[in-house]
Amino acid sequence: MDAIAELRGKYLHQIRAAADAAALEQVRLAALGKKGEISQQMRSLGRMSADERQTAGPALNELKSEIDAALKARRAALEDASLDARLQAEWLDVTLPGRPRPRGTIHPVSQVMDELTAIFADMGFSVAEGPQIESDWYNFDALNIAPEHPSRQEMDTFYMHRDSGDNRPPHVLRTHTSPVQIRAMQDRGAPLRVIAPGRVYRMDMDQTHTPMFHQVEGLAIDRDITMAQLKWVLEEFCRAFFELDAVELRFRASHFPFTEPSAEVDIRCSWEGGQLKLGEGDDWLEILGSGMVHPHVLRSGGIDPEVWQGFAFGMGIDRIAMLKYGIPDLRAFFESDLRWLRHYGFAALDQPSLAAGLSR
Ligand code: PHE
């Protein structure tokens, strides 16, 4: 009996002291494993006299159940403790406010390019592109701009550097999007209906001029295109773009080497109290140059001017962005001032479409 009491004391103590599941398993093996102390005691029952067995048997059984129960209880307690520890360590407050993330905005020029692309696409124009570094042939010669024309002068045009002995033909930063007319004609032939939005470069810098700015070129060629269609397309564009029921455009005779006849186009506006309003008033604001494509230009593009004719126009994108969104200074467009971008920028999901309306 003493031996059993001793075993009970010893193992209950060890079980209480076991700090984790592995230590507890060691105790279990030492007590109840195949070679465990209590198991051996059970086996020794066979060697006892019937009398001894009568008392030792039930006592051992009781000890075994007691140790078994203590093991189970301790195991459960250890598991609870480790779960508590994990819950404590991995605790997460889902009610905390999220960390703010800086959000970018769509630049007004990008927004306006998307808007005008949607409007012209609706009228059957697809988008054409050309390089910003252009040969002087595409930028000038092919467009019927004479060698002595003032716009070629180094004063206005950025020429690419050439080392002496480098005999490649001159390249320029394109001064307008009109060279894309030639590339589109060469690539796609007639009939043709494209717009070409993009960056252009001229040496100029004041409140209304920056050395880099944006234009969109338009070109429509077919057998019977006239100025009347040019007028309708531009009016339709302005109505949709500026979201006005009525716009009035004024065609002023002008001159471009690549169109004949040529016209500059103004939009009717008023400047009451420094506030610009489009579609009404007694003032006019120039927004684009246009005309019927010159036969020389058609020929440069590989198109027969005896069969085909068309109109072209070139419009300042920054200018119409300023007009639509009331942005006063052109230079601010390209200064990357975050306060300006947040104020005039557009949300990323603000996709212009004709169906949803074009404004924000
Ligand atoms: N390329 C001209 C400019 O930059 C605009 C224009 C384009 C005029 C097409 C007529 C036809 O001013």
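Predicted model: local features only at pLDDT ≥ 70, side-chain atom pairs only at ≥ 80, totals over all residues.
1. The axes of H5 (residues 108-122) and H10 come within 10 Å and cross at roughly 95°. Angles of 65 to 115 degrees count as roughly perpendicular, so that is the label H5 gets against H10. On the H5 side, the contact is made by Val109, Gln111, Val112, Met113, Glu115 and Leu116. H10 answers with Ile317, Asp318, Ile320, Ala321, Lys324 and Tyr325. Sorted by class, the residues where H5 touches H10 come out as eight nonpolar, one polar and three charged.

2. H10 (residues 317-325) has a contact with H8 (residues 227-242) as well, and here the axes come within 11 Å and cross at roughly 45°. That angle makes H8 oblique to H10. The tally for H8 with H10 is five nonpolar, no polar and one charged.

3. H1 brings Ile4, Leu7, Arg8, Tyr11, Leu12, Ile15 and Arg16 to the contact. Among the H4 residues they meet are Ala56, Leu60, Leu63, Ile67 and Leu71, along with Glu62, Glu66 and Arg74.

4. Now the ligand. Which of the 14 residues around the ligand come nearest? They are His176, Ser178, Arg202, Gln215 and Gly314. Three of these deserve a distance check on your screen. Arg202 puts a polar side-chain atom 2.9 Å from a ligand oxygen. For Gln215, an N or O atom of the side chain sits 3.0 Å from an oxygen atom of the ligand. His176 has a polar side-chain atom 3.1 Å from a ligand nitrogen. As for cover, the ligand taken alone exposes 320 Å², and the protein buries 90% of that.

5. What is the shell around the ligand built from, by class? It has four nonpolar, eight polar and two charged residues. In terms of secondary structure, strands S5 (212-222), S9 (283-293) and S10 (309-316) each supply at least two shell residues. S10 gives the most, with three.

6. One joins Ala190 and Pro191, with omega about -5°. Pro191 is in the loop between H7 (179-188) and S4 (192-201). The other joins Glu260 and Pro261, again with omega about -5°, but Pro261 lies in a strand, S7 (residues 259-272).

7. You'll find Asn144 in the loop between H6 (136-139) and S3 (171-173).

Definitions and conventions. Residues numbered from 1 in each chain as written. Heavy atoms only, no water. Near = heavy atom within 4 Å. Polar contact = N/O pair within 3.5 Å; in protein donor to acceptor, adjacent residues only side chain to side chain. Areas by Shrake-Rupley, 256 points an atom, 1.4 Å probe, with all protein chains shown as cover. Helix = DSSP H or I, 4+ residues; strand = E, 2+ residues; numbered from the N terminus. Nonpolar A, V, L, I, M, F, W, Y, C, P; charged D, E, K, R; others polar. Axes fitted to C-alpha atoms, helices over the stretch in contact; angles between N-to-C directions. Parallel < 35°, antiparallel > 145°, perpendicular 65-115°, else oblique. Contact = heavy atoms within 4.5 Å.
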